[in-house]
Amino acid sequence: MNNLLRILGKRIIALPFMAFGVTLLVFFLMSFSKYDPAVAALGESATPQALEAFRHEMGYDRPWWQQFWSYIGGMFQGKLGVYGVNKDSVAERIATSFPLTLQLTFIGLAIALVISVVFGVLAALYRDTWVDQAIRVISIIEIATPCFWLGVLLIYFLQIKLDWLPGAGDLVPFTQNPGEYMRRMAMPCFALAMPVAGSMTRIIRTSMVEELDKDYVRTALGAGIPKPVVIARNVLRNALITPVTVLGMKIGYLMGGAIVIEVIFALPGMGTAMFDGINNNQPMLVQGVVLVVALAFIIINIVVDLLYVLINPRIRNV
């Protein structure tokens with residue numbers, strides 16, 4: 001309990017400082033943009049008076065540091081600002097986009113975990129055989145393949161050439177049509193999962209080999225306990241403690257990759273929202289997306305750290 005409270009306390013204390021740093025960094029970088037957000041919103045044909053009125057109304061005529069403190073003050077009131085000529089709410093755009101990014105991230109994580117556990121366990125059980133060598137080659141290829149490049153290849157072969165799966169179009173909610181939803185999400189989730197599956201396979205394989213060489217495994221096998229029982233009840237459970245330590249970073253990678261994948265597969269998630277904000281020079285939209293993604297990453301890491309403490313008896317019992 002003391003370890004849980006200590007980890008939770010450290011993360012909660014660090015959370016506002018990280019949020020402040022991310023917000024400051026994005027505001028500072030967006031201030032270097034030479035493209036006028038008023039022109040992006042009103043168009044090239046807008047009159048100088050209309051442009052000046054829009055800048056004043058949105059606060060773009062003030063120095064960036066004044067805009068920054070004004071944004072911080074609004075953030076404490078639950079306001080993330082507005083963007084565009086219609087003054088659309090950033091919070092509403094995020095509320096509709098963020099669930100899709102989370103779905104893509106965690107479906108990709110599930111695919112990566114299934115592949116890595118199966119391949120990692122097989123590689124450890126048949127170490128130094130052709131099975132181990134084949135899995136090693138496959139995992140290296142997965143690690144070396146960027147998710148966005150794999151996504152383009154999947155679109156080319158599975159949509160354009162074979163017409164098996166859709167790579168674009170409307171996303172039907174899972175509750176309305178589960179089959180169509182999974183067909184639409186299959187390629188982006190698979191492309192997102194492969195690099196993580198490759199790295200996690202190597203980690204699980206190494207951890208499994210270390211556990212299989214320990215004395216308690218030989219003792220259990222010598223006592224007549226079936227090998228599958230020893231592996232399932234003891235070896236696998238202990239071997240997965242180490243991979244959990246890097247799981248938080250992998251989730252962060254998946255969330256960052258999901259933002260790129262969404263643009264490639266035309267999914268209306270946080271990646272598309274950020275792309276629109278950068279392309280149209282809408283700093284409020286970019287700031288809101290980056291802030292929410294950063295906070296989600298921090299919170300997910302807190303949950304993973306707590307999970308690690310709960311499943312690791314050596315830390316839990318200290």
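Reader: Which residues in helix 10 meet which in helix 11?
Author: In this predicted model, Arg237, Asn238 and Ala239 of helix 10 meet Ile241, Thr242 and Pro243 of helix 11, where contact means heavy atoms within 4.5 Å and helices are DSSP runs (H or I, at least four residues) numbered from the N terminus.

Reader: And how do the axes of helix 10 and helix 11 cross?
Author: The axes of helix 10 (residues 227-239) and helix 11 (residues 241-264) come within 4 Å and cross at roughly 35°, the axes being lines fitted to C-alpha atoms over the stretch in contact, with angles from 0 to 180 degrees between N-to-C directions.

Reader: What about the axes of helix 5 and helix 6?
Author: Those of helix 5 (residues 90-125) and helix 6 (residues 130-144) come within 9 Å and cross at roughly 145°. Ile115, Phe119, Leu122 and Ala123 of helix 5 make the contact with Val131, Asp132, Ile135, Ile138 and Glu142 of helix 6.

Reader: Switching topic, how is the protein divided into domains?
Author: Domain 1 covers 3-91 and domain 2 covers 96-315, with bounds from an automatic or database domain assignment, and their C-alpha centres lie 32 Å apart.

Reader: How many residues of each domain are in contact?
Author: In domain 1 there are 27 residues in contact with 20 residues of domain 2.

Note on methods
Residues numbered from 1 in each chain as written. Predicted model: local features only at pLDDT ≥ 70, side-chain atom pairs only at ≥ 80, totals over all residues. Heavy atoms only, no water. Helix = DSSP H or I, 4+ residues; strand = E, 2+ residues; numbered from the N terminus.
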